[in-house]
Amino acid sequence: MNHPAQPHQDATGGDVANNSDDADAGAGEGDHEDAGREGASHPRARIRSFVVRAGRMGTGQIKALAELGPRFVLPFKAEPLDFEATFGRKAPVVFEIGFGMGGPTAQIARTLADHDFIGCEVHEPGVGALLKLIGEQEIPNIRIFQHDAVEVLDGMIPTGSLAGVHIYFPDPWHKKRHNKRRLVQPQFVAKLVRHLAPGGYLHLATDWEPYAQQMLEVLSADPDLVNTSARADGYSDKPDYRPLTKFEHRGLKLGHGVWDLVFRRKADAPGA
Ligand SMILES: C[S@@+](CC[C@H](N)C(=O)[O-])C[C@H]1O[C@@H](n2cnc3c(N)ncnc32)[C@H](O)[C@@H]1O
């Protein structure tokens, strides 16, 4: 499948280890998951989908953070982000959760030059790596939050505003007792859908089959989404605009499959 607006592909990579399952799965629970949800009378356990790891920064990444951070890394503030003022133009905005080392993000932003991209990543070397690519390749249409994407979405992204959401190879949280830390769950997907514009798309990819099955189940059950796949199994062929990630290469070498899912928000969904 091609991108809703524009096709293309190639390959570079992100490179963040994804096996966080040994971390403390209880951290952060009890926080409010969706402060903006109308009528939510009880706080829900917030998804802690990540562990912030100390990572060694390369000199190029440190330099990029210092020189380009002030321009391309946005501060988290609990107030709506003005997309036009941020990017200096009016364009469809795509939100990415967990860009890792940012190679695919940079490449997609170059391919889909008429879109603007907001990437969230908590891993600082990844932020440095993407900034380095932004500098080297002079990419104007990416802004970064080094912050929990769930909070950014809740606090800063207007509802109904996004052309698309990308979540590539989210931490699979393999162990049963950690499955609750997976991002792709009904409540969070409903939140994503509310932030999509009518007809906006959700593109997920994973190499962990049980998570792929969970994604398909959760997305298919959301009443405001339609699956764009024409395949009998419900998964999509990798869209041309998504390059292979380094992480994905590693999975493929281990004999893992890869599953892409592309769903759209119905144009007549409530609030659309
Ligand atoms: C397994 S890695 C995949 C990275 C990249 N998408 C790739 O395919 O190579 C998942 C990434 O998501 C990030 N992440 C997980 N939950 C996040 C959240 N709530 N906000 C921001 N980043 C998050 C992690 O820090 C990690 O770098």
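Predicted model: local features only at pLDDT ≥ 70, side-chain atom pairs only at ≥ 80, totals over all residues.

Reader: Which residues of H3 are buried?

Author: A residue counts as buried if 20 or more other C-beta atoms lie within 10 Å of its own. In H3, that applies to Gly 103, Pro 104, Thr 105, Ala 106, Gln 107, Ile 108 and Ala 109. With seven of the nine residues of helix H3 (residues 103-111) buried, the helix is largely enclosed by the rest of the structure.

Reader: What do the buried residues of H3 pack against?

Author: Their partners are both strands and helices: strands S1 (93-97), S2 (116-120), S3 (142-145) and S4 (162-168), along with helices H4 (124-137) and H8 (246-253).

Reader: How is a pair of packed helices described?

Author: By the angle between their axes and the distance between those axes. Take helix H1 (residues 59-72) and H4: they pack at about 75 degrees, and their axes are 8 Å apart. Angles of 65 to 115 degrees count as roughly perpendicular, so H1 and H4 are roughly perpendicular to each other.

Reader: Which residues make the contact?

Author: H1 contributes Gly 60, Gln 61, Ile 62, Ala 64, Leu 65, Leu 68, Gly 69 and Phe 72, while H4 brings Pro 125, Val 127, Gly 128, Ala 129, Leu 131, Lys 132, Ile 134 and Gly 135. By type, the residues of this contact are ten nonpolar, five polar and one charged.

Reader: And how many helices and strands does the protein have?

Author: Eight helices and seven strands. Of the 272 residues in the protein, 41% are buried.

Note on methods:
Residues numbered from 1 in each chain as written. Buried ≥ 20, exposed ≤ 12 C-beta atoms within 10 Å, placed from the backbone. Helix = DSSP H or I, 4+ residues; strand = E, 2+ residues; numbered from the N terminus. Contact = placed C-beta atoms within 7 Å. Axes fitted to C-alpha atoms, helices over the stretch in contact; angles between N-to-C directions. Parallel < 35°, antiparallel > 145°, perpendicular 65-115°, else oblique. Nonpolar A, V, L, I, M, F, W, Y, C, P; charged D, E, K, R; others polar.
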